[in-house]
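Student: I would like a close look at a single part of this model and its surroundings. Please give one connected account.

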Amino acid sequence: MTSQEKLMQDLMKCINFCAIKHRFQKRKDPEGTPYINHPIGVANILVEEGGITDPDVIMSALLHDTVEDTDTTFDEIEKQFGAKIRGIVCEVTDDKSLPKETRKMMQIEHASVSSYEAKLVKLADKLYNLRDLQRATPLGWSEQRVNEYYAWASKVVEGLRGTNEPLENELDKILAMKK
C-alpha cells in the first residue's frame with residue numbers, strides 16, 4: 001500500500017468513525033442540521049482556507065467533539081488513530097463535568113499555551129461556529145447570548161494569534177461586525 005493509499009484509508013476511517021458517533025445528533029439551528037456537518041466543515045476550513053494538509057490536524061478536527069459530545073473515550077481515539085491525534089483532541093476537548101463558565105474560562109486561559117495543531121483546530125472551530133451564528137441563531141438563544149458568544153470567542157481567538165493568518169483574518173472580519 002502506498003503512503004497516499006494509507007492516508008486515504010486513514011482519513012475515510014476517521015470520517016466514518018465520526019459519522020457513526022454523531023449519527024443521532026443535530027445542530028441547534030432552526031433546521032436541525034446534522035451535527036456531522038460541523039466537524040467536516042471545521043476540517044474543510046483548515047484545508048481550503050487555512051492551507052493545512054497535515055493529516056493529524058485534519059483528523060483531529062474531524063474528531064474534535066467526539067469525546068465531548070458522544071460516548072467516545074480518549075483511549076478509543078488513541079487505539080483507532082494514534083497517540084498524536086489523541087493528544088490534539090485532548091487539548092481541544094472541554095471537561096463536561098465542569099460548569100459551563102469554568103469551561104469557557106479554561107478555553108481562554110489554555111488558548112495561548114496550546115500546541116500549534118490544537119490552535120489550528122480551535123481557530124477553524126471558532127470560525128465555523130461564528131459563521132453558523134451569522135447564518136442562523138440557535139434555537140433558544142437570545143441576542144444577548146449571541147453577543148456573549150462573540151465576546152467570548154474573541155477572547156479565545158486572541159490567545160490563538162500568530163497561528164494561521166488566513167484563518168485569523170477571516171475571524172477578524174466576523175468579529176469586527178459585532179464590535
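Predicted model: local features only at pLDDT ≥ 70, side-chain atom pairs only at ≥ 80, totals over all residues.

Tutor: The buried residues of α3 are covered by a set of elements that includes α1 (3-21), α2 (37-48), α4 (66-69), α5 (74-81), α6 (83-92) and α8. Of the 9 residues in α3, 7 are buried, so the helix is mostly covered, with buried meaning under 20% relative accessible area. The buried residues are Val-57, Ile-58, Met-59, Ser-60, Ala-61, Leu-62 and Leu-63.

Take α2 to begin with. Its axis and that of α3 come within 7 Å and cross at roughly 155°. Angles over 145 degrees count as roughly antiparallel, and α2 and α3 are therefore roughly antiparallel to each other. The crossing of this pair, α2 and α3, is right-handed. On the α2 side, the residues that meet α3 are Pro-39, Ile-40, Val-42, Ala-43, Leu-46 and Val-47. On the α3 side, their partners are Val-57, Ile-58, Ala-61 and Leu-62.

The other helix is α8. Helix α3 spans residues 55-63 and helix α8 spans residues 116-135; their axes come within 10 Å and cross at roughly 45°. That angle makes α3 and α8 oblique to each other. The crossing of α3 and α8 is also right-handed. From α3, the contact uses Val-57, Ser-60 and Ala-61, while α8 supplies Glu-117, Leu-120 and Val-121.

For context, an unreviewed UniProt entry places the feature "domain: HD" at residues 35-130.

Thr-33 sits in the loop between α1 and α2. With a relative accessible area of 17%, Thr-33 is buried. Beyond residues up to four places away in sequence, Thr-33 touches Lys-26, Arg-27 and Arg-135. Trp-141 is in the loop between α8 and α9 (143-160). Trp-141 is buried too, with a relative accessible area of 17%. Neighbours within four places in sequence aside, Trp-141 is in contact with Leu-133, Val-146 and Tyr-149. Although Trp-141 and Lys-28 are 113 residues apart along the chain, their C-alpha atoms are separated by 9.3 Å.

A disulfide is a covalent bond between the sulfur atoms of two cysteines. A search of the whole structure finds 0 disulfides. For Cys-14, the closest cysteine sulfur is that of Cys-18, at 4.3 Å, which is too far for a bond because a disulfide requires the sulfur atoms to be within 2.5 Å. Cys-14 is buried, with a relative accessible area of 0%. Cys-90 is in no disulfide either, and the nearest cysteine sulfur, again that of Cys-18, is 16 Å away. At 40% relative accessibility, Cys-90 is partly exposed.

Technical notes
Residues numbered from 1 in each chain as written. Heavy atoms only, no water. UniProt positions renumbered as here; feature names shortened; annotations may be inferred. Buried < 20%, exposed > 50% of the residue type's maximum accessible area, 1.4 Å probe, protein only. Axes fitted to C-alpha atoms, helices over the stretch in contact; angles between N-to-C directions. Helix = DSSP H or I, 4+ residues; strand = E, 2+ residues; numbered from the N terminus. Parallel < 35°, antiparallel > 145°, perpendicular 65-115°, else oblique. Left-handed = near helix turned anticlockwise from the far one by under 90°. Contact = heavy atoms within 4.5 Å.
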